[in-house]
Amino acid sequence: HLTGKYPDWYPKELRYSRSVKGRIFCEDFQKAGSQVIVPAIEEWLNLDLVAKRTRNPMGFPIHWRLKNGSTFEVLTYEQKTAHYEGWKGDLAWFDEPPSRDKYIATLRGLVDTGGRTWLTLTPLSQPWLYDELVTNKAGNDIQCITMDIRDNVIREVDGIQYGHLTEEAIKRFEDSLNPEEKEARLHGKFLHLT
């Protein structure tokens, strides 16, 4: 959405035909931001499309401006909820479960544009997500996709390789988990329900 470059299969009615403004949220800058978010951005985003990156005092890139005018910034759950307020944007991506107050403040910032939200997470905390988003899908515009860790096993289909994990690596990890952890970490089930 930020680049304006869509694959042919992406529905035309869901595409943006203008520059957009987004936010990415993660646990912290030190670990999640620098070890997960920035490497993912640098892998997925053609860096030739980036006009400018602004860094915080720790040296972490917190604001990105693309050459097409789209922008996004990175915030953390360590920041006060007040930092989430007073924003207007089009896209929000939460990596791992946010607290409800930060989620609601972000939703308010998406109202003006009818913005979209994604949450990618292992459901270990924040049971409100299950109660409000999974079981009570307000307005039916919420879609929940539960993935199993084995959905990411390396396999080949029609000559194309998919997945990133080996069955052996998953098995080693699985052997270290208790039954409750297995439900959340392997099967995407909410830990508080086990």
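**Notebook: salt bridges, a pocket and a patch**

I began with R150, which counts as partly exposed at 28% relative accessibility. Salt bridges that share partners join R150, E167 and E174 into one network. A reminder to myself: this is a predicted model.

**Entry 1: the R150 pair.** I looked up the contact between R150 and E167, and found a salt bridge with the closest N and O atoms 2.9 Å apart.

**Entry 2: how many salt bridges?** I then looked up the total, and the count comes to eight salt bridges. One of them joins the side chains of R18 and D90, with 2.7 Å from N to O. This pair links distant parts of the chain, 72 residues apart: R18 is in the segment before strand 1, and D90 is in the loop between strand 4 (71-76) and strand 5.

**Entry 3: R23 and E73.** Here I found another salt bridge, with the closest N and O atoms of E73 and R23 2.7 Å apart. R23 counts as buried, at 7% relative accessibility.

**Entry 4: a pocket.** Next I turned to the second largest pocket, which has a volume of about 760 Å³. Which residues lie nearest its centre? I wrote down H1, L2, W44, L91 and W93, out of 22 lining residues. Strand 1 (21-26), helix 1 (29-44), strand 5 (91-95) and strand 6 (116-120) each supply at least two residues of this lining. Sorted by class, the lining has 15 nonpolar, five polar and two charged residues.

**Entry 5: a surface patch.** Last, I looked at the surface, where V157, I160 and Y162 form a nonpolar patch with about 250 Å² of accessible area together. Y162 is located in strand 8 (residues 160-162). Y162 is partly exposed, with a relative accessible area of 36%.

How values were computed. Residues numbered from 1 in each chain as written. Predicted model: local features only at pLDDT ≥ 70, side-chain atom pairs only at ≥ 80, totals over all residues. Heavy atoms only, no water. Patch = residues over 30% accessible without salt bridge, like charges linked within 9 Å, V, L, I, M, F, W, Y side chains within 5 Å. Areas by Shrake-Rupley, 256 points an atom, 1.4 Å probe, with all protein chains shown as cover. Salt bridge = Lys/Arg side-chain N within 4 Å of Asp/Glu carboxyl O. Helix = DSSP H or I, 4+ residues; strand = E, 2+ residues; numbered from the N terminus. Buried < 20%, exposed > 50% of the residue type's maximum accessible area, 1.4 Å probe, protein only. 1 Å grid on protein atoms, 1.4 Å probe; cavity = no way out; pocket = protein on both sides within 12 Å on 5 of 7 lines; lining within 4 Å. Points joined across faces, edges and corners; volume = space filled by probe spheres on them. Nonpolar A, V, L, I, M, F, W, Y, C, P; charged D, E, K, R; others polar.
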